[in-house]
Amino acid sequence: MKEVVNCVCGHVNPHGTILCESCGRVLDETQKDSKMIDMRYEGSARRSQTYNKSIIDKIWNFFSSVKVGVSLIVILLIASSVGTIFPQEQYIPPTELPEVFYEKEYGFSGKLYYLLGFHNLYSSWWYLICIAMLGTSLLIASIDRVVPLYRSLKKQKVSRHDGFLKKQRIFGITKTDQQDIEFAELKKILESRRYKIKEENGNLLAEKGRFARWGPYVNHAGLIIVLIAGMLRFLPGMYVDEVLWLREGETKEIPGTDGRYALKNNQFKVEIYDKKNKEDQTFNAAIDKVGTIVKNYQADVTLYEKEGNTLPGEEAKFKKVKDHSIKVNIPLKHDHYALYQVDFKLDELSEMSFNLMNKNTKETFGMITISLDDPKTMYKLKDGYSVELLSYFPDFEFDENQEPVTKSPIPNNPAFIFNMKTPDKPEGEVSFVAIQQTLEPLGENTYKMAFAGVDTRNVTALTVRKDLTLWIFFLGGAIFMIGVIQGAYWNHRRIWIQRKDGEIWLAGHTNKNWHGLKRDISMTLEGTNIDEPEDQLEPKNLGELEK
């Protein structure tokens with residue numbers, strides 16, 4: 001059974017209440033000698049200040065602490081700042097390996113940045129945990145304060161205890177024989193100033209702007225919604241931000257669509273500003289300064305959608321959805337997805353041709369053409385001649401041990417290891433061929449692979465975007481701004497006016513802007529016989545307050 005605190009006025013208060021929710025009497029013995037009462041939460045019983053026994057209490061108290069919330073915000077701000085020192089992995093060139101890129105571009109600090117996991121900071125488990133903890137802190141801190149505050153304001157009575165009135169910052173007593181006349185006049189003036197008036201036993205409570213007290217909690221609600229939107233981005237299907245490199249004539253599954261959509265690059269076009277063109281002569285100075293300037297680049301594509309469901313290993317069937325020309329700022333949009341033109345690469349190697357040749361006689365025995373996207377392992381030629389492709393390195397370099405490796409799957413610098421089989425060399429001769437060099441790792445060869453030609457094609461880079469959380473971000477931001485306006489431009493003002501044995505007691509309180517409250521009271525009392533109350537925290541009154 002929960003403990004309660006019974007007030008002399010008869011109201012039953014929750015355990016831990018400092019000021020009676022009804023009459024305002026001080027119930028906490030440690031607060032009775034204080035010069036001013038703390039009105040932040042109306043002296044209500046907050047769960048975090050009352051219970052600390054069970055594990056649930058301890059968790060609640062931890063997250064309700066303002067210090068914990070501020071600490072989490074500071075941690076997230078510092079971490080987010082570190083995440084901007086170098087680009088995140090999603091923004092580095094797609095052809096680069098992260099473990100190589102950061103060290104190559106930024107040296108030891110880049111390598112350390114990668115090893116510590118800052119290259120994928122915003123999707124790291126500890127960053128997401130911090131965001132979840134901040135959201136929990138905002139939620140619990142708000143509930144811990146707003147519920148008791150709402151209950152206290154709702155249950156407050158007009159007639160308040162003497163100690164409650166005396167310990168308000170604005171307080172004054174006036175002796176008068178015309179209480180009824182003065183009260184009627186005060187009520188009329190306060191109503192004209194848009195105060196809500198409540199009467200009880202001949203006493204008045206004038207109140208306005210109570211909704212301003214909920215401003216900080218509306219802020220919290222907006223922030224919580226924004227944090228939820230941020231975490232929803234990590235749920236499958238809610239957010240996609242991928243890069244698709246698509247070569248001319250190539251059809252690929254669109255990443256992030258779970259195989260539902262595919263895209264074919266029919267043609268890629270690049271237009272540049274031409275000094276000879278009258279329409280482009282405006283840019284002549286810029287062309288002379290920087291050289292070639294791209295006027296437009298676009299990919300003419302066809303979008304396909306998968307028909308029905310397919311079994312594992314079964315080839316999917318696609319139907320045409322539409323044709324579209326993707327240009328800068330003119331994306332292809334369909335079913336919440338948007339594909340933007342962001343980059344391109346001209347004249348990428350697509351096929352390379354070689355002749356099998358006798359080194360001495362220069363006689364050729366056939367030509368092979370190797371697709372750099374999907375090379376075969378064996379190429380048959382005439383009269384028992386054949387070439388076996390032992391290894392293929394699309395982006396060739398030597399590692400620390402002088403072994404051939406590839407930096408990426410893009411054919412920027414292709415190299416091959418061939419085994420050339422001929423009637424007089426049935427076991428074959430091994431040759432290493434790169435664009436600029438030919439090596440014979442097993443000694444002098446009779447035959448060689450002679451370069452015969454190359455085909456190129458253009459490649460477009462598209463960013464695939466899908467964001468179902470954007471409206472949630474906007475909603476959270478709008479609610480947050482409502483809370484800012486609510487708490488910044490209004491304030492909660494209350495004026496208590498009570499009659500006691502031929503005297504009129506007047507006390508006032510506001511959550512901020514004391515000057516405005518004092519001005520309201522001064523204008524209300526103007527022309528009446530009631531003395532203007534004093535601000536007990538003004539230097540001239542502090543000495544009297546000490547007594």
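At 1.5 Å a residue, the 20 residues of α10 should span 28 Å, and the end C-alpha atoms are 28 Å apart, which agrees. The expected span is 1.5 Å times one less than the number of residues; helices are DSSP runs of H or I with at least four residues, numbered from the N terminus. This is a predicted model, in which local features need pLDDT of at least 70, side-chain atom pairs count only at pLDDT 80 or more, and totals for chains, interfaces and linings use all residues. Residues are numbered from 1 along each chain as its sequence is written, and side-chain values use heavy atoms, with hydrogens and water left out.

**Faces of α10**
- Ile472, Gly476, Gly483 and Gln486 are the buried residues of α10 (buried is under 20% relative accessible area, exposed over 50%, partly exposed in between; 1.4 Å probe, protein chains only).
- Seen down the axis of α10, the buried residues fall within an arc of 90 degrees, so they line one face of the helix; the arc is that of the directions from the helix axis to the C-beta atoms.
- Trp471, Phe474 and Tyr489 are exposed residues on the face turned away from the buried side.
- Methionine 481 lies in α10, residues 470-489, and is partly exposed at a relative accessible area of 44%.

**Cysteines**
- The structure has zero disulfides (a disulfide is a pair of cysteine sulfur atoms within 2.5 Å).
- The closest cysteine sulfur to that of cysteine 9 is in cysteine 7, at 3.6 Å, too far for a bond.
- Cysteine 9 is partly exposed, at 35% relative accessible area, whereas cysteine 130 is buried, at 11%.

Definitions and conventions:
Helices (H or I, at least four residues) and strands (E, at least two) are DSSP runs, numbered from the N terminus.
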